[in-house]
Amino acid sequence: MALPMIIQGGMGIGVSDWRLARAVSLQGELGVVSGTGINCVFIRRLQLGDVGGHVRRALAHFVDHTTVEKILKTYFVEGGIDDVTHFKLSSVAQVHAPIALQRLNVVAGFVEVFLAKEAHNGLVGINLLEKLQTSNLPTLYGAMLAGVDAVLIGAGVPREMPGVIELFTNHDDASVKANLTCADATSDVKITFRPRAVFPGLDLPRLKSPLFFPIISSLTLAQHLVQRSTGKVDGFVVEGALAGGHNAPPRGQLKLSERGEPIYGVKDQADLTGIRELGLPFWLAGSYGSPDRLNEALSLGANGIQVGTAFAFCDESGITKSLRQRVIRSWTGLDSLVAEPVFTDPLASPTGFPFKVVKLPDTLSEKPIYEARPRKCDLGYLRQILVGGDGKLVYRCPAEPVEDFVRKGGKVEDTVDRKCLCNALLANIGLGQRQDDGYHEQPLLTSGDDLLHLRQFVAPGADHYSAKDVLGHLKSALTEVHIP
Ligand SMILES: Cc1cc2nc3c(=O)[nH]c(=O)nc-3n(C[C@H](O)[C@H](O)[C@H](O)COP(=O)(O)O)c2cc1C
C-alpha cells in the first residue's frame, strides 16, 4: 500500500466524520474518521431522521440484518425529532457491556468507515483514543468489517492493539487489560470482545489487516511500542504539544505559565534522530499544517505530516457551519480578533491530560456559560474505572456532580473546572443533548495553535474553504525531490 504524505488527523467527536475522511481520501491522502463516541453520533443521526439516507444506505451492507432491524426500530425517527426533544441514549460505556451496546458499537464503526470508503479506492483510517477502552474493541471490529486501511491510536500506550487487530482478522476473541485508576499490582480487569458470540451463526471471510500507527510524543514510547507490542507496528504519528485536542502532559512536575498553561520544554520534544533510527515510517503532527512545515518534515526524514486544525474548520468538517464560520471570520480578519484564542487548559478534560480550548464567546470557554451548566454525566466515555472495596467495578468522572464523584472516593479538588467534554463535543457538531431539565448542551471548541494560520487556506473575502483547498495549499511548495 502506497503510504500517504498527508494524514488528516482523527478528530472527535464526529469532527472528522465520514464526509471529511472521504474528501481527503479522494484526493489521494489518508482520510481518518474518528471512532470516539461514534455510537452516540450514529444513533443521534438516526434520531434526526438520517437526512440524505446515508446511514441507512450503509446499514443495508452490514452483515447482520437482524441487528440492523433492531437498531433502526430503537433509534430511527422518520422525519427526525424536533429541536427540543431529548435524544434517546444507549447504555453507558462499561467493561462488561450489554450485547446490544457491543453490537451498536460494531455497527457504528462499520457505518462510518463504509461511508468514507464508499465507491472509491482511496485510503481510510480510524482514530481511537486509548482512554476510551470500553468501546474501542467493537468499534475497531466494525471498522475492520468495512475494510478500514489504517488504525491510529493516541492518548495512551496501545501496546495490545496490534494483537487485537490480528485476532479480529479471523473473527477471534480479543481482550485488552483495562487501565484502572488507583490500581494495585493485583488488579487485572480485562475488556473482551467476542465477534462470534456477538454475531452468532455468521460465516464471514477473513478480514484485511489494517496498518497500525500509534500516535506518540516521545522516542521512549515509540521504542516501548516497537519492542513490547503484541504485534506489528507499521509507523508512528509523532505529535507535539501545539496540536489540537488532547496533548501529552509535560514530562516531570507540572509547571504553569503566567497564563495558566502547562510549560513544555526541550525534554518534551521527541528525539527525531532516534525515531528515524527505528526505521519505520513516521509523520509529524502539531502545527505542521503549512507548505514550509511540510517541506521541513520531509527534510527531517518523515514520510509527511498529520494535520488536524486546518481540516477541523473546512467545509467537510463535522463542526456546525455557524461555529466554523464564526472562527474563520474572527481569525481571518473579517470579524474582530480575540487575542490569544487558543488556551491549553490543564483542567478542562476529565482525563487529566491538557486539552486545547478555543476561546470563543457563547461557548463553555466562558466561565458564566460553564457555570450555568448543571453537572451531569449521561454519556460516560471518559469515566475512570476503579475496583471498589467489594471487588465490584466503580465508574466515576471528575466532571460529574461533585457529590457523586466524592461518594466514589474521588477528591473534591479533582473536580474543579472539569468540563463535560462528551456533551460539549457533541454540541460542536450539532448533536448536543436537550436535557430533560430544559438545559441544552453548549459547545466547547478545540483547536491547535495553527488556528491563527487559517487565513492561508481562505480566498480573500471568503469565509470558508474545502479539504481540497487545504491539501492543494499544503503541497503547493513541494521541492521537486518530494513530488510523488
Ligand atoms: C478539533 C480537533 C479534535 C481532535 N480530536 C482528536 C482525537 O479525538 N483523537 C486524536 O488522536 N487526536 C485528535 N486531535 C489531534 C489531531 O488528530 C491532529 O493530530 C492534530 O490536530 C495535529 O496538529 P494540528 O492541529 O496542529 O494540525 C484533534 C484535533 C482537533 C483540532
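Me: Which residue has a backbone N or O atom 2.8 Å from an oxygen atom of the ligand?

Reply: A polar contact here is a pair of N or O atoms within 3.5 Å; within protein, one must be able to donate a hydrogen and the other to accept it, and residues adjacent in sequence count only if both atoms are side-chain atoms. In this structure, the residue is Gly10, through a backbone N or O atom. A backbone N or O atom of Gly286 also sits 3.3 Å from a ligand oxygen, and a side-chain N or O atom of Thr309 is 2.5 Å from an oxygen of the ligand. The protein covers 96% of the 600 Å² of accessible area that the ligand has on its own (Shrake-Rupley method, 1.4 Å probe; for residues, only the protein chains shown count as cover).

Me: Before we go on, what sort of model is this?

Reply: It's a predicted model: local features need pLDDT of at least 70 and side-chain atom pairs count only at pLDDT 80 or more, while totals for chains, interfaces and linings use all residues. Residues are numbered from 1 along each chain as its sequence is written, and side-chain values use heavy atoms, with hydrogens and water left out.

Me: How many residues surround the ligand?

Reply: A residue is near a molecule or strand if one of its heavy atoms lies within 4 Å of it. That gives 19 residues around the ligand, the closest being Glu239, Ser287, Gln306, Gly308 and Thr309. The shell divides into 5 nonpolar, 13 polar and 1 charged, where Ala, Val, Leu, Ile, Met, Phe, Trp, Tyr, Cys and Pro are nonpolar, Asp, Glu, Lys and Arg are charged, and the others, Gly among them, are polar. β3 (124-129) and β10 (304-307) each supply at least two shell residues. Those labels are DSSP runs numbered from the N terminus: helices are H or I, at least four residues, and strands are E, at least two.

Me: In what order do the 8 strands of the open sheet come?

Reply: Strands of a sheet pair through backbone hydrogen bonds, either parallel or antiparallel. Here two strands pair if DSSP finds at least two bridges between them. The order is β1-β10-β9-β8-β7-β4-β3-β2, with parallel pairing. β1 (6-8) and β2 (31-34) are the edge strands, each pairing on one side only. Inside the sheet, 4 bridges join β4 (150-154) to β7 (211-216), and Leu152 has Phe213 as its bridge partner in β7.

Me: Which strands does helix α1 lie across?

Reply: Contact means heavy atoms within 4.5 Å. For directions, axes are lines fitted to C-alpha atoms, for helices over the stretch in contact, and angles run from 0 to 180 degrees between N-to-C directions. Helix α1 (18-26) lies across β1, β2 and β3, at about 170 degrees to β2.
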